[in-house]
Amino acid sequence: MSTQKPTKALPPMAEADIAIARIAPETSFKNKAYGALREAILKMDIYATPDPVMLDERALSERLGVSRTPIREAIAMLEQDGFVKTVPRRGIVVVKRTKSEIVDMIRAWAALESMAARLITTTARKKDITNLRDFFKDFGPDRLPQDHIEEYSKANIAFHQALISLSESPVLVDMTNDILLHVRGYRQLTIGRTERIAASLPEHMAIIEALEERNTELAEKRARDHTLALANYVETHGKELFS
């Protein structure tokens, strides 16, 4: 008969000696202020007017409920990221891009969005693709987009953001977030133009149809061509957009 040796008790696990520093409150406030200000700027329609969009340090401090020190630090981070710039004797200005820069950004968005369309045809659920139609369910022959421009403009922006999100690619989402502020602003600025809005809804529906059919090449092409048309329009009519 075999006898088993008594099992030795395992020594207690040593607590890991992690070199970690306490988070300073001001650092936390700085990062939180940066996140809040960046999100607020991304939601602005900075191209709705040719006038500069200014930020007031004191007002921001009061709105966020923090001292002006983390606000200054957050502004410095935003300036490094290219969202704002400090103008002597004037204050903090949200950065607007030149026409050529905007055209270049829209073209980059076209490339990213066409890749998103490609990914959607291979990975997205049928239900999620079909739900894209909901953005435009309130528009049609009996309710034309041109008669409800503000409402349609919001649906238009939401649709393009949804395309990127539906790709389920964190990299695409991060890359488009960096140019969203400017591309969205010019989409809103041009959507009321007769030449643009007449083609907008049919082009959106054609993109969705290609996605539903899982036609990768066609979906990619339609998404790219749709946004490149915006780039071409801005390049041709950029000087007229504020007239």
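**Loop residues with positive phi and salt bridges**

In this predicted model, Glu168 sits in the loop that runs between helix H6 (149-166) and helix H7 (170-190). The phi angle of Glu168 is positive, at about 60°, although the residue is not a glycine. Most residues other than glycine have a negative phi. Glu168 is also exposed, since its relative accessible area is 60%, and the cut-off for exposed is over 50%.

A positive phi is also found at Arg89, where the value is near 65° in a residue other than glycine. Arg89 belongs to the loop between strand S2 (84-87) and strand S3 (91-94). With a relative accessible area of 85%, Arg89 is exposed.

Charged side chains were examined next. Side chains of opposite charge can pair when their charged atoms come close. Across the whole structure, a search finds eleven salt bridges.

One of the salt bridges joins the side chains of Glu57 and Arg68, with an N to O distance of 3.1 Å. Because Glu57 lies in helix H2 (residues 57-64) and Arg68 in helix H3 (residues 68-81), this pair ties together parts that are eleven residues apart in sequence. Glu57 is buried, its relative accessible area being 18%; the cut-off for buried is under 20%. Arg68, at a relative accessible area of 32%, is partly exposed. Glu57 and Arg68 also belong to a network of salt bridges in which Arg72 is linked with them.

A further salt bridge is formed by Glu235 with Arg107, and the closest N and O atoms of this pair are 3.1 Å apart. The two residues link distant parts of the chain, as Glu235 is in helix H9 (residues 216-237) and Arg107 is in helix H4 (residues 99-123), 128 residues apart. Glu235 counts as partly exposed, at 39% relative accessibility. Arg107 likewise counts as partly exposed, with a relative accessibility of 37%.

Asp138 and Lys137 provide another example, their side chains meeting in a salt bridge at 3.7 Å, N to O. For Asp138 the relative accessibility is 38%, and the residue counts as partly exposed. Lys137 is exposed, with a relative accessible area of 58%.

Note on methods:
Residues numbered from 1 in each chain as written. Predicted model: local features only at pLDDT ≥ 70, side-chain atom pairs only at ≥ 80, totals over all residues. Heavy atoms only, no water. Salt bridge = Lys/Arg side-chain N within 4 Å of Asp/Glu carboxyl O. Helix = DSSP H or I, 4+ residues; strand = E, 2+ residues; numbered from the N terminus. Buried < 20%, exposed > 50% of the residue type's maximum accessible area, 1.4 Å probe, protein only.
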